[in-house]
2 protein chains.
Amino acid sequence: MSRRGFLGAAGGVTAAAGIGASVAVDRLAAPGAGAAGADPAATEPFYGPHQGGITTPPQRHTTFVALDVTSDRRRDVAGLLRRWTATAGALSRGAPPPPAPGEPADSGEAVGLGPARLTVNVGVGPSLFSHGTTSRFGLGPGQPWQLVDLPSFEGDDLDPAATGGDLSLHACADDPQVVFHAVRALLRQARGVARVRWSQSGFNEAAAAPGTPRNLLGFKDGTMNPTTAADLDSAVWVGAEGPDWMTGGTYLVVRRIRLDLAAWDALEPAAQERIIGRHKGSGAPLGATLESDPLDLRARTAGGEPVIPADAHVRLAAPSQNWDATILRRSYAYANPTATADGAAPSPGAALDAGLLFCSYQRNPRLSFVPIYRTLAGRDALRRFTRHTASAVFALPRGVAGPGRYVGDELLA
Amino acid sequence: MSRRGFLGAAGGVTAAAGIGASVAVDRLAAPGAGAAGADPAATEPFYGPHQGGITTPPQRHTTFVALDVTSDRRRDVAGLLRRWTATAGALSRGAPPPPAPGEPADSGEAVGLGPARLTVNVGVGPSLFSHGTTSRFGLGPGQPWQLVDLPSFEGDDLDPAATGGDLSLHACADDPQVVFHAVRALLRQARGVARVRWSQSGFNEAAAAPGTPRNLLGFKDGTMNPTTAADLDSAVWVGAEGPDWMTGGTYLVVRRIRLDLAAWDALEPAAQERIIGRHKGSGAPLGATLESDPLDLRARTAGGEPVIPADAHVRLAAPSQNWDATILRRSYAYANPTATADGAAPSPGAALDAGLLFCSYQRNPRLSFVPIYRTLAGRDALRRFTRHTASAVFALPRGVAGPGRYVGDELLA
């Protein structure tokens, strides 16, 4: 029984479950391709070696949620991950979510909408394993050495309430109401075990035009991402280094980066291009023609100046400047209200609270994200226009092989 | 030259300007029809007797902005409305916005996206005319008697920072990045004259299925809206009563209504249906079969109880219970982050900050919105689940007849 057909019923016949299907890595080569002409009935595979929403072609809408675990029982955490897996699996194929404990029915706002390429992935943060030197849930000794809180970066302006988290949920779909419904259903499953610590929604352009989508700086974003299976295995997926439950998994770094759009808009496009290191229109590196042209960091002008300035964002972020460190970026734009229901007053002359919900995926953040960000934090010309207000790191366990298994079962069982 | 073709250039050849075209009122009869299978190249007419985004079939995304005027010169306000009109007109047909005063270029994030059915309307609030008994900009004597701050309603929990405003901007489109780009371009035009007071974005389901979209309560919302030209002339558009600059205009009431989704989700669907007065699945009135079936408020059960309970939302909101008062509802769902960049801490056990960005349009809010809300505020069974956190009322002047005119020119010239 599909969600299209009936309200408030759980389980039943499923369609397009994609059991055992692997993530269609090659589709990542055409960023945004999945977003144009969105088909509400389209599904992304739920079962497979990797969780969804990582190499999945970016959907149009996302909500990221970091949660604190309020229970002190390991079996509650295991039960929650089991329920989340069942819920995410059902929603991914357009079926109604299973009822939450003690609750009567599906909330109903996604009836008739289809799965709209919904993906949900689940992560565990460093604080699930330990608080300081105190193990939690008996997990402390098994904490991967790759999974640690990020160091402070120059220019950080983090809101402690929007930093960290024991667990993460990340839902993406082409319909914002499908995303909302999924998050709501998953949070209902968490009642009494975990609660929202912070959350942030985001969007991508509908990408009518082919090519890499533009961020709110007006520049194409995501151009140099790894795309081949070999590059993803090298840069994104945890391999034999383990631990076992992470083999095929990855580490997520999420940062909310507020942009000073007023200052940015006051610049001539040519000045913006020197800050980024790429042409605004084409996305090509400065001095090149095509978006796909390689970065030539040694090119000099006739006057002997570097064509791509020494402090340009793309130069400092390039693998060649960071011990070959590579990350997979899959970011969304965000725009928040300037006065909120929780009573925050708008700042005088309030500007838009908007920017980038930056998400990167990497095999080992200590050896990729951290060195890249260290390089950027001190010298990046873009830094004048950014304010990092939220930050977290999570381990995303490997994908769920099939029914009967759940995300993180090897960690928690 | 369309926005698709070049970055940062203004003006040039335009397409599908729709000069003189009137709003396609009859399309409102199929709510959501415009939202399914969104065409990025689709345009809504900008010039015509009414402003856009009122009877326009609902787009998928919206941002509403209330602004305070910081200048004390009437000609600055007139200049701003003139620039907003030119900007909104250009963006509506997919052209780049004209440069803001002293700024170099378009921000570029909507290059290649098409107009995506963008509409922008502009309103003036009571506080533009007067502060207390003090006239502003010489406008006090011309303030329409229909344009007054709303009275307090039982259960209001308004954030003063998110209440009122001198001016309003309301952008709607099928692409969230097109909405963002429009708001950004319009706010750039306002620098030095007005600043954001509060803002709220919202979304609608992509409406793959035909029929009325569902709100976050899981119920169809918007069923009994006026749709015929005669009904709209009677309930929505200001007529001969004037003032002249409002003939063909309307009054907007906007309310952010936070929903207690946790309490709502704990109810059986049958209990929810008694609160709303309609069936959740079909949208039909209780005791009826089809969404389009009339409300029979006199029907009784075999036991003598009213079929639609005495405190059901649809009963209390019905025109027959409110001196025939009728409003046009055009609401969006909203979902805000629980911890914001402005530092608001999430409440303990933070729930989702989500609900309804309620927008209604009426010829005279004193005789329609206010009596309906008075009826609802004291008795509506739904009231237990709602918290009104933002509120404002604006006069939306009549539409712009053609180039050379601007929104509100008859008021401000």
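User: Hi! Which elements do the buried residues of α6(A) pack against?

Analyst: Hello! In this predicted model, the buried residues of α6(A) pack against α5 (261-265) and α7 of chain A.

User: And which residues of α6 in chain A are the buried ones?

Analyst: Helix α6 covers residues 269-276 of chain A, and Gln272(A), Ile275(A) and Ile276(A) are buried there. They span an arc of only 90° around the axis, so they sit on the same side of α6(A).

User: Let's switch to α8(A). Which of its residues are buried?

Analyst: Helix α8 runs over residues 369-379 of chain A, with Phe369(A), Val370(A), Ile372(A), Tyr373(A) and Leu376(A) buried. Looking down the axis of α8(A), the buried residues fall within an arc of 155°, so they line one face of the helix.

User: What do those buried residues of α8(A) pack against?

Analyst: They pack against β7 (250-259), α7 (313-317) and β10 (353-362) of chain A. Helix α7 of chain A also turns up among the packing partners of the buried residues of α6(A).

User: Which residues are on each side of β5(A)?

Analyst: Leu167(A), Leu169(A), Ala171(A) and Ala173(A) are on one side, with Ser168(A), His170(A) and Cys172(A) on the other; both faces are covered. As background, side chains in a regular strand alternate between the two faces of the sheet.

User: Which strands pair with β5(A)?

Analyst: Strand β1 (residues 61-69) of chain A pairs with β5(A) in the antiparallel sense over 7 bridges. In that pairing, Ala66(A) stands opposite Ser168(A). Strand β2 (residues 119-124) of chain A pairs with β5(A) too, again antiparallel, over 6 bridges. There, Thr119(A) is opposite Cys172(A).

User: What about the nonpolar core? Which residues touch the most other members of the largest one?

Analyst: Ala182(A) and Ala182(B) do, in a core of 216 residues. The core takes at least three residues from each of domain 1 (25-147 + 162-246 + 401-412) and domain 2 (261-339 + 349-391) of chain B.

User: What does Ala182(B) touch?

Analyst: Leaving aside residues up to four places away in sequence, Ala182(B) touches Leu91(B), Leu118(B), Val120(B) and Ala171(B).

User: Zooming out, how many helices and strands does chain A have?

Analyst: Chain A has 9 helices and 11 strands. Of its 413 residues, 57% are buried.

User: Where does the pLDDT of chain A stay under 50?

Analyst: Over residues 1-36, for which the model has 92 contacts beyond four places in sequence. The pLDDT is also below 50 over residues 340-350 of chain A, a stretch with 31 contacts beyond near neighbours in sequence. Taken as a whole, chain A averages a pLDDT of 87, with 87% of the residues scoring at least 70.

User: And what ipTM does the predictor give the complex?

Analyst: The ipTM is 0.88, alongside a pTM of 0.89.

Terms used. Residues numbered from 1 in each chain as written. Chains lettered and ligands numbered in written order. Predicted model: local features only at pLDDT ≥ 70, side-chain atom pairs only at ≥ 80, totals over all residues. Buried ≥ 20, exposed ≤ 12 C-beta atoms within 10 Å, placed from the backbone. Helix = DSSP H or I, 4+ residues; strand = E, 2+ residues; numbered from the N terminus. Arc of directions from axis to C-beta. Contact = placed C-beta atoms within 7 Å. Pairing = 2+ DSSP bridges. pLDDT = per-residue confidence, 0-100. Core = buried A, V, L, I, M, F, W, Y, C linked by C-beta atoms within 7 Å. Domains from an automatic or database assignment.
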